[in-house]
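Here is a short report on one protein model. Look at the sequence and the structure first, then read on.

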Amino acid sequence: MLRLKKVLSAGAVLLFTTISFAEQPIFVQEFMGQIDFVKGRLMQLAEAMPEESYSWTPGEGVRSVGEVYVHVAQSNCYMLSLVKGEKPDMSEGSIESDKKTAIAMMEKAFSVIKEEATKFSEEDLNKEIEAFGMKFSVRNFMVTMIAHLHEHLGQSIAYARMNGITPPWSAQE
């Protein structure tokens with residue numbers, strides 16, 4: 001009897017999860033997959049980089065390792081606010097870019113994006129927004145968000161390699 005209850009409970013959870021997931025537009029599901037992928041890679045690199053490398057920069061006037069990770073976090077929140085039609089806070093205060101702060105900021109920003117994006121309906125994705133002096137559908141702007149994240153993933157891979165760090169997923173192959 002106990003085993004039957006467990007099977008029924010697990011089945012109910014699976015059914016409701018599947019129904020909820022099925023109601024999400026396919027694009028949102030694909031976006032979430034990309035967010036999970038790029039987040040995983042960025043977080044692995046951020047963890048692999050030693051604390052002392054967070055202030056390293058390839059040249060004057062170029063973001064440091066830590067500043068790239070902070071930028072990723074801030075831009076995720078900024079771009080999401082544009083999608084939601086909010087007026088983003090553009091005040092640039094002094095933000096620490098040490099390892100602990102940068103990782104915590106990225107973790108929080110990716111969580112917010114995932115939480116908000118799962119709420120988007122097909123109608124939301126088709127809405128038009130204005131950003132950077134251009135008009136986008138929300139769907140198209142979300143593609144821009146993913147492209148931006150992949151750009152900084154590539155930058156972070158180059159920074160890691162210049163600091164003698166092999167990306168963790170490459171070391172496993």
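The sections below go from the whole protein to single residues.

## The overall picture

This is a predicted model. The protein contains 7 helices and 2 strands. Starting at the N terminus, the order of its elements is α-α-α-α-α-β-β-α-α.

Of the 173 residues in the protein, 36% are buried. Residues 24 or more positions apart account for 74% of them.

Helix 2 covers residues 26-48, which makes 23 residues.

Which residues of helix 2 are buried? They are Phe27, Val28, Phe31, Met32, Ile35, Val38, Lys39, Leu42, Met43, Leu45 and Ala46. These buried residues pack against several other helices: helix 3, helix 4, helix 5 (122-126), helix 6 (138-162) and helix 7 (168-171).

## How helix 3 meets helix 4

Two packed helices are described by the angle between their axes and the distance between the axes. Helix 3 (residues 65-83) packs with helix 4 (residues 99-117) at an angle of about 25°. Their axes are 9 Å apart. Angles under 35 degrees count as roughly parallel. Helix 3 and helix 4 are therefore roughly parallel to each other. The crossing of helix 3 past helix 4 is left-handed.

Which residues make the contact? Helix 3 supplies Gly66, Tyr69, Val70, Val72, Ala73, Gln74, Asn76, Cys77 and Leu80. Helix 4 supplies Ala102, Met105, Met106, Ala109, Phe110, Val112, Ile113 and Glu116. By type, the residues of this contact divide into 13 nonpolar, 3 polar and 1 charged.

## Ser81, a residue of helix 3

Ser81 lies in helix 3. Is Ser81 buried or exposed? Its relative accessibility is 8%, so Ser81 counts as buried. The cut-off for buried is under 20%. Leaving out residues up to four places away in sequence, Ser81 touches Glu86 and Pro88.

## Phe132, a residue between the strands

Where does Phe132 lie? Phe132 sits in the loop between strand 1 (128-131) and strand 2 (134-137). Its phi is near 55°, a positive value in a residue other than glycine.

Phe132 has 48% relative accessibility, so it counts as partly exposed. Exposed would need over 50%.

Note on methods
Residues are numbered from 1 along each chain as its sequence is written. This is a predicted model: local features need pLDDT of at least 70, side-chain atom pairs count only at pLDDT 80 or more; totals for chains, interfaces and linings use all residues. Side-chain values use heavy atoms; hydrogens and water are left out. Axes are lines fitted to C-alpha atoms, for helices over the stretch in contact, and angles run from 0 to 180 degrees between N-to-C directions. Helices (H or I, at least four residues) and strands (E, at least two) are DSSP runs, numbered from the N terminus. Angles under 35 degrees count as roughly parallel, over 145 as roughly antiparallel, 65 to 115 as roughly perpendicular and the rest as oblique. A crossing is left-handed if the near helix is turned anticlockwise from the far one by less than a right angle, and right-handed if clockwise. Contact means heavy atoms within 4.5 Å. Ala, Val, Leu, Ile, Met, Phe, Trp, Tyr, Cys and Pro count as nonpolar, Asp, Glu, Lys and Arg as charged, and the others, Gly among them, as polar. The expected span of a helix is 1.5 Å times one less than its number of residues. Buried means under 20% relative accessible area, exposed over 50%, partly exposed in between (1.4 Å probe, protein chains only).
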